[in-house]
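Here is a short briefing, grouped by topic. Please read it alongside the model below.

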Amino acid sequence: MSDAPAIAVRGLTKRFGGRTVVDHVDLAVQPGRICGFLGPNGSGKTTTLRMICGLLIPDEGEGEVLGLDLRTSRRAIKQQIGYMTQKFGLFSDLSIAENLEFIARVYSLDNRNARVEAALERLGLTSRAGHLAGKLSGGWKQRLALAAAVLHEPRILLLDEPTAGVDPQARREFWDQIHALAREGMTVLVSTHYMDEAERCHEIAYIAYGVMLAHGTTDQVIAASGLSALEGEGPGADRLAAEIEERPGVAMAAPFGTTLHVCGTDPEALRAAVAPWAERITWRAVPPTLEDVFINLMRTATDGSVVEQA
Amino acid sequence: MWERIGAMVFKEVRQMARDPGMFVMMLMFPIIQLAIFGFAINSDPRHLPLAIESKDNSVYSRSIVSALRTTGYFDVAKVVTTYGEGDRLLSEGEVQFVLTVPADFSRDLVRGQRPQLLLTVDATDPASTGPAVAAVNEAIARALARDLAGPLTMRLQTPPPVDVVLHRSFNPEGITSHNTVPGLLAIILSMTMVALTAMSVTRETEQGTMENLLATPLRPIEVMIGKIVPYFAMGLVQVLVVLLAAAIVFEVPFVGSFGLLLAVTLLFTLVSLALGFTLSTLVDSQIMSMQLSMLYLLPSILLSGFAFPFRGMPVWAQWLAELLPPTHYIRLVRGVMLKGWDWQLALSETAVLVVMLLAFGTIAVRRYRDTVA
């Protein structure tokens, strides 16, 4: 494995109409790493993924995917990338086997039948190979889509919210598979909204309103945020969220079950902010969660008015 | 209950207002139909082009020609003197009638020898020439009534002084189906090729499979060709069905070359497919593409000369029809099947179709990109 990043983009920018959807995004992912791509809805995650896999041409910026120029070698890049779209992108009126066979043909794969057979076997769908893809349940559709995306053994896998609407067990199995693929050297860039999934990534990149706000391992991102958090436990703690959030020094407050989770950038100010309720409620310092960091980042981004509304 | 119905009505109106396709349906269709049926279509076409092939330049022949003109049905488009020139014009469709005045016409007329006048009609479309033909005898009689004055009045007695021989070319029995069945080829191919291609492309966009396709190494041109081939094959099956029915059921004569017909049919099928593809790049839902195809089909059926006489339409409608591929294809099919056109006669209409194929093909390829959005 070389040291050159599998994905390296600099200043990637995309505008639709007058709106800048992706604004000078830099991203580098080393081979064999799983990078979680996070951000609120409409933050430009899908657009960035599409630019990386050649479905959109960036208005500005440059980059290399597997050493190939993003702007001039889109077709060569497509050969080596597997892309799983947010919406089920296979043909519902073709059978499972027919879908895989189609993909195999499109990528001009050798030993087509053997590959399709092997993929069906891995999926555990050999007995249902003749079933229409459209009739599968959400979890199975997602597995099939993944199998189709990696059928041509791509070196990079891009997944756009692959586990939306999938049950926890299927999600776990899905992630086990992603890790297995990464072990074999595949580079994975996966967008998600789930914090538990973000924590299963080697590294995460957070984008809001088209701007990359944080990038690194989970610990790095949390540390870089400079947030500290308190957890309050006591009678009625969970009902104080709105009230406490108004206090100076509190970035946000959210109830978790019967407890209240509070965080802010200045630990002293945070302590002072919750002091009035100290008799009734016991406050203890806890590490800030990834969710704290992201919600805080998103709010700061909005405040910083990076948004350029059309 | 009324409040709930009101809620539905309100919601429905809002959705309608937001759906451009619905607007096309609701406004464009009546406007187009009004324009076509109200202004363009005329089942009693006048000012049909007539060629005079006269070997007798006399007061009588001139007066007959002028009488024909006054009926309003005929416009003298050409005066020819060489033999066979009239037939050529008729075959090419440049004129719909040829009036042949034989030499010695006036001498024989004066002598009371009942000379013959030959009116050759392009009878491929009996409906368009019928009313004009019906007016001929009357017009000639009236013209001669004026000219055969004095002692010649006796020539006006029955039988009429002139024997008008009517020759229906290309469709001697004046059977309508000989004209409509070949025309149907154009309509059937337009309906299926344009609408189905447009829908098959938008279906990919609508169902989200297009993004997946575009992420693969498939090139746009490969997607296009791959999509077109099966429809193309289907089009050929349709052509064979119509031709077999034409030959066996309707007994439509087939005068020209089958190879030439097949060649222009392939060309027209490609034009339709390219047009369907172009339409699909303009819209992103199957319903919209269906409506757009209907918007194309309606004038294709009504203005192309398939259902109503082409020359009966006002000039603007004729120009509009010239822009529609079926207009040219219908001329080609009728020309080859009924008039026995060879490739030289077919050349100009074929050239138009080739230009259209290039135009639509270019637009389709340019608009259909390998990127989303």
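This is a predicted model: local features need pLDDT of at least 70, side-chain atom pairs count only at pLDDT 80 or more; totals for chains, interfaces and linings use all residues.

Residues are numbered from 1 along each chain as its sequence is written, while chains are lettered from A and ligands numbered from 1 in the order in which they are written.

**Domain contact in chain B**

- Ten residues from domain 1 of chain B and ten residues from domain 2 of chain B form the contact; two residues are in contact if their C-beta atoms, placed from the backbone, lie within 7 Å.
- On the side of domain 1 of chain B that touches domain 2 of chain B, α4 (85-92) and α6 (126-147) of chain B each supply at least two residues.
- The largest share of that side, three residues, comes from α6(B).
- By class, that side of domain 1 of chain B has three nonpolar, five polar and two charged residues.
- Ala, Val, Leu, Ile, Met, Phe, Trp, Tyr, Cys and Pro count as nonpolar, Asp, Glu, Lys and Arg as charged, and the others, Gly among them, as polar.

**Overall form of chain B**

- Chain B has 14 helices and five strands; helices (H or I, at least four residues) and strands (E, at least two) are DSSP runs, numbered from the N terminus.
- The radius of gyration of chain B is 26 Å, whereas a compact globule of 373 residues would have a value near 21 Å.
- That radius is taken over C-alpha atoms, and the globule rule is 2.2 Å times the number of residues to the power 0.38.
- The C-alpha trace of chain B spans about 90 × 55 × 35 Å along its principal axes.
- Of the 373 residues in chain B, 39% are buried.
- A residue is buried if 20 or more other C-beta atoms lie within 10 Å of its own, exposed if 12 or fewer, and partly exposed in between, with C-beta atoms placed from the backbone.
- Among contacts in chain B between residues at least 6 apart in sequence, 80% join residues at least 24 apart.

**Annotated spans in chain B**

- The unreviewed UniProt entry places "transmembrane region" at residues 21-41, 181-201, 228-250, 256-283, 295-317 and 343-365 of chain B.
- UniProt positions are given in the numbering used here, feature names are shortened, and annotations may be inferred rather than shown by experiment.
- Residues 228-250 of chain B are 91% helix and 0% strand, with end C-alpha atoms 31 Å apart.
- Residues 256-283 of chain B are 89% helix and 0% strand, with end C-alpha atoms 40 Å apart.

**L213(B)**

- L213(B) sits in helix α8 (residues 209-215) of chain B.
- L213(B) is partly exposed because 19 other C-beta atoms lie within 10 Å.
- Not counting residues up to four places away in sequence, L213(B) touches E204(B), L218(B) and V223(B).
- L213(B) and V223(B) are ten residues apart in sequence and 8.5 Å apart in space, C-alpha to C-alpha.

**Chain A: domains and core**

- Chain A is divided into domain 1 (7-91 + 149-221) and domain 2 (228-287), with C-alpha centres 35 Å apart.
- The largest nonpolar core has 92 residues, and those with the most contacts inside it are L100(A), L158(A), V188(A), Y206(A) and V262(A).
- A nonpolar core is a set of buried Ala, Val, Leu, Ile, Met, Phe, Trp, Tyr and Cys residues joined through C-beta atoms within 7 Å.
- Both domain 1 and domain 2 of chain A give residues to this core, so the core lies between them.
- The unreviewed UniProt entry's annotation "domain: ABC transporter" covers residues 7-234 of chain A.

**Positive phi in chain A**

- E161(A), in the loop between β7 (156-160) and α6 (168-183) of chain A, has a positive phi near 40 degrees.
- E161(A) counts as buried, because it has 21 C-beta neighbours inside 10 Å.
- Y209(A) has a positive phi of about 50 degrees and lies in the loop between β9 (203-208) and β10 (211-216) of chain A.

**Contact between the chains**

- 17 residues of chain A are in contact with twelve residues of chain B.
- Helix α2 (residues 74-80) of chain A gives the largest share of chain A's side, three residues.

How values were computed
Domain bounds come from an automatic or database domain assignment.
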